[in-house]
Each structure stands twice: as C-alpha cells, then as structure tokens.
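The stops below go from one selection to the next.

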Amino acid sequence: MSANPLPPLPRDTLFPERSGLGSWLKRFLPADAHAFIQPKLVDLGRVAARQAIALGDTADRNGPRHIPFDPLGNRIDRIEYHPAYLELQKLSYGAGMVNVKYDPETSRKYASSLHQMGFSMTMVFSGGESGMLCPLCMTDGAARVVKLHGSPELKARAIPCLAATDMGKLWRGAMFLTEKQGGSDVGANTCRAVNENGTWRLYGDKWFCSNVDAEVALVLARSDDAPKGTKGLSLFYVETNLPEGGKNNFVIHRIKDKFGTRSMPTGEITFNGTPATLLGGPGAGFKQMLDMVNLSRLYNATVSVGLLHRALDETTFFAERRMAFGTPLTGHRMHLETLADWWAHYLGGLALVLTSCQALDEHDTTGDKAAFGRSRMLTPMAKRHTGRQVVDGVSMCMELIGGQGYIEDTGIPRLLRDGQVLPIWEGTSHIQMWDVARAALKDGALMPTMEWLAQGANDAKVKAALDAAAKTLVEHADPDAFGAAGRYVVDQLTNAVEQALLVRWGDARALLAARRLADMRSVQPWKAARTWSDTELKQLCGIA
C-alpha cells in the first residue's frame with residue numbers, strides 16, 4: 001500500500017458546521033422556526049450524504065427511458081425510471097421540501113419562514129442529487145401559482161396532491177414554457193389556445209419540457225385573437241394523464257440527450273387539443289408565470305450553492321489530509337489562498353440566496369412593497385451570480401484535488417456536468433442581468449434595497465460601495481449603455497450587495513468572507529493577500 005494514500009472523501013453529512021447554513025439560520029430565523037427546521041436539516045444532511053449521492057450516481061448512469069407504445073401498438077408515452085430514481089423521489093418528496101410550504105399547520109405556525117426553511121432543505125439535498133431538484137422545483141412552482149391564481153375549487157383539488165409526501169398521492173408539477181422559435185424570447189411563442197364549446201384546448205409544440213411526465217403542467221399559450229408578444233399569452237393548468245391511462249391528448253416525441261442532470265427526463269411534446277383550465281384572465285399569463293419563474297430562479301440559485309458547497313467541503317477535506325512535498329495541501333500557502341477565495345465566494349452566494357428567500361417570505365406574509373422589490377431585484381441577481389459561480393468553482397475544486405478530481409469515482413465530474421445547466425436554466429446570465437436592471441430601475445427597487453442593505457450592514461465602507469454601485473447602474477440606465485457595459489455594472493452591484501449581506505450576517509467567518517471578497521476586488525489584491533495569516537485563511541475555510 002502507498003505510504004501516502006488518497007484520503008477517502010466524506011460521506012457522512014451534507015449539513016456540516018462549516019457549510020455556514022446553520023449559522024445563518026440561527027441568526028435570522030425566529031427561534032421556533034429554527035427549532036422546527038434544524039433537526040430536519042440534520043436528518044436530511046445524513047440522508048443526502050449516505051443515500052442520495054450513491055442513488056444519484058446510479059440514476060445518472062441509468063437514465064429514464066421513453067416508451068412510446070405498448071406491445072399492441074397503442075400510444076402510451078410512458079417514462080420508465082431506474083429504481084434508484086424512484087427511491088430518490090421517495091427521499092426528497094417524502095422529506096417535505098415542498099410540503100413544508102403548504103401544510104396547513106406548518107403554514108400557520110411558521111408563515112414568515114416557509115421559503116427559508118424549504119430552500120434550506122433543498123440546498124442540503126441538492127449536493128447529493130441535483131437532477132431531482134428540477135421536479136421538486138416545478139411541483140412547488142405549480143402549487144404556488146395555483147395558490148395565487150387558481151379558483152377555490154382548483155386549489156382544493158390540486159394543492160394537497162402537489163404538496164403530498166406520499167408517492168401514491170403525489171402529483172408532480174412541470175412548466176411547459178419554451179418553444180423552438182423563441183427560447184428566452186417567450187413573446188415569440190405560438191402554442192394556440194382555442195375555446196371549443198366552453199372548454200379551452202391547447203394545440204402546438206413545446207420544446208424544452210423538464211419533468212416531462214409530470215401529472216400537472218402549467219402552460220403558456222395564445223388565443224387566436226390575442227396580440228403578439230408576451231401581452232397575448234395566457235396561462236393554463238393541465239392535468240396530463242387520462243383516468244384510463246395514457247396522455248391527455250398530447251404526444252411525447254423524445255427525451256433529450258443532455259450533458260448533465262441525466263437522471264431527470266426533459267422532453268419534447270406536441271399538444272393535440274389537450275383540455276386545459278385558464279388561470280386568471282386572458283393575456284395575463286406571462287405575469288402570472290413569473291411567479292413560477294422567479295421561484296424556479298431561487299431553486300436554481302439554491303442548487304448552485306448546494307453543489308458548490310459539496311465540492312468545496314470535499315476538496316477541503318482532501319486538502320487537510322493529502323500530503324504533498326512533506327506537508328498537507330493546506331500547508332501550502334497558494335493552495336490555502338485559493339480555497340479561501342472560493343469559500344468566500346460560496347458564503348457570499350449563500351447570504352445572497354437566503355436573503356432573497358427572506359424577502360419572498362416577508363412579502364408573502366405582509367405584502368410589503370419594499371420586500372417585493374428586494375425579492376424582484378435580488379432573485380435574478382442571485383440566479384445569475386451563483387449559476388456562473390458553481391461552474392467556475394467546481395472546476396477549480398477538480399483542479400485543487402488534482403488528477404483524482406477528474407475521475408468519475410469522486411463525484412466531482414458529475415457535479416460539474418450537473419452544474420453547467422444552472423447558468424442556462426430559467427434564463428441565461430444575460431437575461432438575468434437585464435431583469436436586475438428592470439427590477440432596480442423600471443420597478444423602482446434600487447434605492448429602497450440599497451437603503452435596507454446599508455442599514456443592515458451599518459458600515460461606512462459598505463455604504464460607500466453600495467452608493468457607488470447604485471450610481472453606476474443609474475448612469476447606465478440607457479439600454480445601449482447597459483447592453484455594452486451591463487456585465488460589469490451588475491458585477492459591481494452584486495459585489496457590493498454580497499459584502500453588505502455578509503457584514504449584516506455578522507459572525508466571524510462571514511466577516512472574514514466580506515473582507516476576502518473586498519480584497520479580491522481591490523486595485524492591488526496581491527498586497528491585500530499578504531495581510532492574511534494562515535489562521536485567518538483556515539478559519540474562513542472552516543478548518544479547525
């Protein structure tokens with residue numbers, strides 16, 4: 001046996017102390033909500049590490065199969081799953097990640113914390129299996145849209161099924177939005193909605209349908225007399241299965257051969273007169289769908305943070321134990337510096353995502369307009385920032401581990417493949433930057449959010465950074481100016497927001513992360529790097 005064996009990677013919990021998640025929740029959740037969710041996160045962290053990772057690896061290697069016909073040639077469009085995926089469904093839905101937001105007793109007791117609790121569970125589980133989080137996201141989103149825009153009868157029928165923890169009672173959700181000709185340009189959608197004798201029926205193609213065999217789908221479609229663009233789109237609720245079996249007047253053409261998240265089926269479909277229920281009024285569909293899209297963006301950001309955490313935790317574990325040139329990797333200053341940089345990025349992203357959840361909770365509970373603006377501005381910011389961060393960060397973790405990090409057995413390559421969809425899904429980075437500007441300037445969220453951040457941080461340097469970033473954004477309000485410089489403008493704004501949130505968080509490690517981010521973005525980062533002691537760097541990395 002080698003005198004310097006490769007250390008085994010940790011597989012005990014995905015909710016360790018150094019994740020920082022526990023510290024944030026203890027700081028910001030009400031005491032009763034924290035006491036409720038903390039043991040659930042402990043249990044889920046063990047399940048994610050000890051079961052979900054292995055099941056996810058198996059489901060990834062044995063992806064879903066599309067069965068278009070039965071033995072007699074009847075069209076059935078059934079999706080066949082490996083048993084590992086079915087077990088992941090039981091673990092994730094059964095843990096209550098969706099249910100926690102809709103259970104009547106939980107909703108009554110912890111109304112101000114529902115999204116923070118649910119997304120914390122999502123974050124912990126996603127490090128074990130991220131492909132499953134798309135179906136969970138779509139199910140939560142469908143329940144939320146029905147809750148906000150459905151009739152009393154539809155709410156009573158659908159929400160208990162969408163929020164079920166028993167697989168025998170569960171209706172999984174989906175969002176069929178994208179079409180070939182449009183992509184992110186949703187206003188170009190042509191899927192038709194026709195009112196036939198009082199029943200709405202859908203006709204046309206949908207191109208990117210994740211969780212394609214879900215029992216419930218929300219669909220954007222356009223009636224023949226509707227105007228062009230997003231103003232002509234209406235939102236429809238579809239139950240996809242017929243009581244006697246088979247699909248409800250639509251065809252699944254195929255499952256896409258994806259780069260990552262291969263455990264979960266993404267398909268292409270055609271509606272052929274599918275009966276549907278109009279949600280709200282005609283032409284209001286795009287605004288209504290944004291409730292689901294914004295929730296999906298939060299899921300996207302949460303999974304980004306969860307994947308990066310697992311990669312960093314395992315890389316740090318490896319670095320503490322792997323010997324190189326007579327000392328552990330953490331004894332080499334450059335290696336430790338790089339780890340510290342990425343832990344600072346991770347903690348900043350964690351604070352940004354959880355603050356977005358906090359704002360959504362506040363608005364849902366109180367209807368506060370400032371909280372809504374904060375949610376509208378921070379959510380696309382978090383989605384864009386963490387989506388890019390996870391790809392770059394997991395890639396760096398692979399490099400820090402070295403050759404072994406490139407080997408499938410470690411799980412790091414799958415994290416990188418699965419993470420690559422996160423800058424793309426629910427709108428690319430460019431779409432998110434325009435939405436940050438729209439929320440900040442057109443919707444008026446910028447100054448109230450900057451004031452809230454400055455008050456929470458109560459730090460002169462942070463306030464100056466926020467003021468400078470806000471000024472830069474206002475100076476680039478013209479679309480041509482923003483199109484040219486928007487990437488840098490939103491980067492500056494995001495950096496200032498992250499540092500403010502870390503100072504607001506206020507524990508010792510968060511303050512180190514804020515300092516580290518400021519140093520990395522300074523004019524002379526090489527000078528700032530020399531002011532750090534090994535002890536401070538290790539504390540930031542969560543190394544005892």
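Select Met 334, which counts as exposed at 70% relative accessibility; exposed means over 50% relative accessible area, buried under 20% and partly exposed in between, using a 1.4 Å probe and protein chains only. Met 334 belongs to helix 9, residues 333–366. Helices (H or I, at least four residues) and strands (E, at least two) are DSSP runs, numbered from the N terminus.

The C-alpha atoms of Met 334 and Asp 103 are 49 Å apart, and 231 residues separate the two along the chain.

A note on what you are looking at: this is a predicted model, in which local features need pLDDT of at least 70 and side-chain atom pairs count only at pLDDT 80 or more, while totals for chains, interfaces and linings use all residues. Residues are numbered from 1 along each chain as its sequence is written, and side-chain values use heavy atoms, with hydrogens and water left out.

The next stops are salt bridges. A salt bridge is a side-chain nitrogen of Lys or Arg within 4 Å of a carboxyl oxygen of Asp or Glu. How many salt bridges does the structure hold? The count is 40.

Select Glu 268 and Arg 254. Their side chains form a salt bridge, with 2.7 Å from N to O. This pair links distant parts of the chain: Glu 268 sits in strand 9 (residues 266–278) and Arg 254 in strand 8 (residues 250–255), 14 residues apart. Glu 268 is buried, at 8% relative accessible area, whereas Arg 254 is partly exposed, at 42%.

Move to Asp 392 and Arg 388. The closest N and O atoms of this salt bridge are 3.3 Å apart. Both residues are in helix 10 (residues 369–401), four residues apart, which is about one turn of the helix. Asp 392 is partly exposed at 38% relative accessibility, and Arg 388 is partly exposed at 32%.

Then select Glu 498 and Arg 521, a salt bridge whose closest N and O atoms are 3.2 Å apart. Glu 498 is in helix 15 (residues 479–505) and Arg 521 is in the loop between helix 16 (508–520) and helix 17 (525–529), so the pair ties together parts 23 residues apart in sequence. Is Glu 498 buried or exposed? Glu 498 counts as buried, at 0% relative accessibility, while Arg 521 is partly exposed, at 29%.

For the last stop, select Arg 297, Arg 376, Asp 435, Arg 438 and Asp 443 together. Salt bridges that share partners join these five residues into one network.
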